[in-house]
Amino acid sequence: ELKALIFDVDGTLAETEEQHRLAFNAAFAGADLPYEWSEDRYRELLGVAGGKQRMAAYFAAVGGDTSVGAIAALHQAKNRHYAEAVAAGEVRLRTGVARILMEARDAGLRLAIATTTSRENLMALLHATMGSAHRIFEVMVTGEDVANLKPDPEVYLKAMAQLGLPPENCLAFEDSALGLESATRAGLRTVVTPSIYTSHHRFGPAALVVNSLGEPGSTIRVYDGTLAS
Ligand code: XBP
Ligand code: MG
């Protein structure tokens with residue numbers, strides 16, 4: 001029996017990765033670093049989950065400063081840029097997300113989040129895209145709440161522990177192969193909606209792969225008795 005839906009955030013609730021990429025580049029520029037991540041480069045770099053870990057992997061490869069302090073400062077600056085962009089309305093919920101959340105709630109399903117990003121980034125996104133409706137999420141587990149990021153299953157295991165439910169009662173929603181692996185290793189069935197940065201991933205263990213959770217441009221429409229031509 002299905003009792004809860006657990007959502008990834010970046011790429012799944014919203015196409016956030018482009019804003020993360022631009023924010024990383026703004027942080028590099030602000031620190032006078034000669035790095036600028038192209039879309040293609042960022043697509044590869046997303047193979048490393050977590051912004052700090054992503055920078056560390058890249059800096060190690062190009063001979064940059066991999067010290068914890070340097071990376072922490074850059075990540076803080078990056079998150080400031082990200083929060084600004086999100087607050088300015090640069091990111092919207094993906095097609096169908098608002099509807100599935102409302103319909104799930106109305107059907108009595110419980111809603112949770114399992115994300116790699118920080119609580120601050122998560123709340124910035126939820127406030128900007130949903131306002132007070134973000135309270136629809138009963139459980140939120142972020143990258144700050146776990147020792148091991150995706151593809152480790154910890155974030156999903158923790159979300160289920162907080163829901164008090166076994167994987168059989170839950171369904172995960174993901175956009176990436178790393179996220180799918182995390183959910184699958186936690187014993188969950190997963191619906192995948194590939195995002196602009198993950199469309200080339202392989203989603204073997206997914207229960208279902210669909211372009212989106214709704215029809216393009218749709219809101220909830222009431223059938224008025226006439227047939228569309
Ligand atoms: C998302 C991530 C994050 C974001 C940036 O993974 O890997 O690192 O790219 O956020 P998922 P931070 O969607 O699987 O949760 O810089 O806060 O890490
Ligand atoms: Mg994701």
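Q: Which residues come nearest to ligand 1?
A: D10, G51, T116, T117 and G179 come nearest, out of 19 residues around ligand 1. Keep in mind that this is a predicted model.

Q: Which helices each supply at least two residues of the shell?
A: Two helices do: α1 (17-30) and α8 (177-185).

Q: And which domains does the shell draw on?
A: Domain 1 (4-15 + 92-209) and domain 2 (17-87) each give at least three residues to the shell around ligand 1.

Q: OK, domains then. How far apart are the centres of domain 1 and domain 2?
A: The centres are 23 Å apart, taken over C-alpha atoms.

Q: How many residues are in contact across the two?
A: On the domain 1 side, 16 residues; they are in contact with 13 residues of domain 2.

Q: Which helix gives the largest share of the domain 1 side?
A: Helix α6 (residues 119-130) does, with 5 residues. By class, the side of domain 1 that touches domain 2 has 6 nonpolar, 6 polar and 4 charged residues.

Q: Back to α8. Why call it largely enclosed?
A: Because 7 of its 9 residues are buried. The cut-off for buried is 20 or more other C-beta atoms within 10 Å.

Q: Which ones are buried in α8?
A: The buried residues are A177, L178, G179, L180, S182, A183 and T184. G179 also turned up among the residues that come nearest to ligand 1.

Q: What happens just after α8?
A: G187 takes a positive phi there, of about 90°.

Q: Switching to the sheet. What's the order of the strands?
A: The order is β3-β2-β1-β4-β5-β6. The 6 strands form an open sheet, and the pairing is parallel.

Q: Which strands sit at the edges?
A: β3 (139-141) and β6 (208-209) are the edge strands, and each pairs on one side only.

Q: Let's zoom in on β1. Which way do its residues point?
A: Strand β1 covers residues 4-7. A4 and I6 point one way, L5 and F7 the other way.

Q: Buried or exposed, those four?
A: All are buried.

Q: How many bridges join β1 to β2?
A: There are 4 bridges between β1 and strand β2 (residues 110-114), and the two run parallel. On the other pairing, β1 and strand β4 (residues 170-174) also go together in the parallel sense over 4 bridges.

Q: Why is β2 described as largely enclosed by the rest of the structure?
A: Because 4 of the 5 residues of β2 are buried.

Q: New topic: Y35. Where does it lie?
A: Y35 lies in the loop between α1 and α2 (39-45).

Q: Why does Y35 count as partly exposed?
A: Because it has 17 other C-beta atoms within 10 Å. Buried needs 20 or more, and exposed means 12 or fewer.

Q: How far is Y35 from G64, C-alpha to C-alpha?
A: The separation is 9.7 Å. The two are 29 residues apart along the chain.

Q: Now the whole chain. How many helices and strands?
A: The protein chain has 8 helices and 6 strands. From the N terminus on, they run β-α-α-α-α-α-β-α-β-α-β-α-β-β.

Q: Why say it is as compact as a globular protein of that length?
A: Because the radius of gyration is 18 Å, close to the 17 Å that the globule rule gives for 229 residues.

Q: What box do the C-alpha atoms fill?
A: A box of roughly 60 × 40 × 35 Å, taken along the principal axes.

Q: What share of the chain is buried?
A: Of the 229 residues, 39% count as buried.

Q: Last one. How much of the contact count comes from residues 24 or more positions apart?
A: They account for 66% of the contacts with a separation of 6 or more.

Definitions and conventions:
Residues are numbered from 1 along each chain as its sequence is written. Chains are lettered from A and ligands numbered from 1 in the order in which they are written. This is a predicted model: local features need pLDDT of at least 70, side-chain atom pairs count only at pLDDT 80 or more; totals for chains, interfaces and linings use all residues. A residue is near a molecule or strand if its C-beta atom, placed from the backbone, lies within 6 Å of it. Domain bounds come from an automatic or database domain assignment. Two strands pair if DSSP finds at least two bridges between them. The radius of gyration is taken over C-alpha atoms; the globule rule is 2.2 Å times the number of residues to the power 0.38. Two residues are in contact if their C-beta atoms, placed from the backbone, lie within 7 Å. Ala, Val, Leu, Ile, Met, Phe, Trp, Tyr, Cys and Pro count as nonpolar, Asp, Glu, Lys and Arg as charged, and the others, Gly among them, as polar.
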